[in-house]
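These are my notebook entries on one structure. I set out to look up its charged pairs and its nonpolar packing.

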Amino acid sequence: FDILVAHCPTSSATIEVYYEYIQELRNVVRKCHKDGVRLFMAIDGNCKLGSVQSTAVGPHGADKETKRGALLHSFLVENDVFLPATFAETANTASEHGTWMSPMGGETRGDYIACPGDLLPGTRGARRLEEVDLSLCRQDHWAVGASVRMTSRATRCEVVRRIPTYDRERLVEQEQMLQFLKEAELIEVTPWNLDSQSSLTR
């Protein structure tokens, strides 16, 4: 699966700037996300959602959808993901809805976990995480989370056997065998725990 992390422009930015940011997210998904791979999102949306419902946004803890919210909403629908915190069947209904606190103490919801639409039956407990310390100078954000149950399917892997490039008949002789073993010890073996991504960037 893929995870998209997004921090949308704050309320000080114009709606045009917000629109351009959503367009950039679309470009990222188009370039980096492969069809058939599940897409999760962690989004600081800096917008309000809920009064307009769809497969992506439910009525639980609804706020009046803003213009920014409408832009994010359409992006979620396009990518077939949903916000578990906005559906009563996938949210922890005992959890507070607010994920951001203003300097005056008012709370609003703007941070979301988005999950693939087909995982709705296995998603539960979407909530703000009171126990997570974000080490902020003042409490203005809460982390959010959800529990998702997934199953993985083993894929059949075909082993390609290569024809030996050395003369096996020569290994019958003791001297040739010892020489072969010495050369084999010099072969650099790829460790089983190699991080292929880091190795490719070196």
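Is Arg26 buried or exposed? I worked from a predicted model, and there Arg26 has a relative accessible area of 16%. Because the cut-off for buried is under 20%, I recorded Arg26 as buried.

**Entry on salt bridges.** I searched the whole structure and found two salt bridges. In one of them, Arg26 meets the side chain of Glu78, with N to O at 2.7 Å. This pair links distant parts of the chain, since Glu78 lies in helix α2 and Arg26 in helix α1, 52 residues apart. I then looked up Glu78, which is partly exposed at 49% relative accessibility.

Arg38 forms a salt bridge with Asp118, and their closest N and O atoms are 2.7 Å apart. Here too distant parts of the chain are linked: Arg38 sits in the loop between α1 and β2, Asp118 in the loop between β6 and β7, and 80 residues separate them. I noted Arg38 as partly exposed, with a relative accessible area of 29%. Asp118 is likewise partly exposed, at 48%.

**Entry on the nonpolar cores.** Which residues touch the most other members of the largest nonpolar core? I found Met41, Leu72, Phe75 and Leu76, out of 22 residues in that core. At least two residues of this core come from each of β1, α1, β2, α2 and β6. A second, separate core has five residues, among them Phe82, Phe87, Cys115 and Leu119.

Notes: Residues numbered from 1 in each chain as written. Predicted model: local features only at pLDDT ≥ 70, side-chain atom pairs only at ≥ 80, totals over all residues. Heavy atoms only, no water. Core = buried A, V, L, I, M, F, W, Y, C linked by side-chain atoms within 4.5 Å. Buried < 20%, exposed > 50% of the residue type's maximum accessible area, 1.4 Å probe, protein only. Helix = DSSP H or I, 4+ residues; strand = E, 2+ residues; numbered from the N terminus. Salt bridge = Lys/Arg side-chain N within 4 Å of Asp/Glu carboxyl O.
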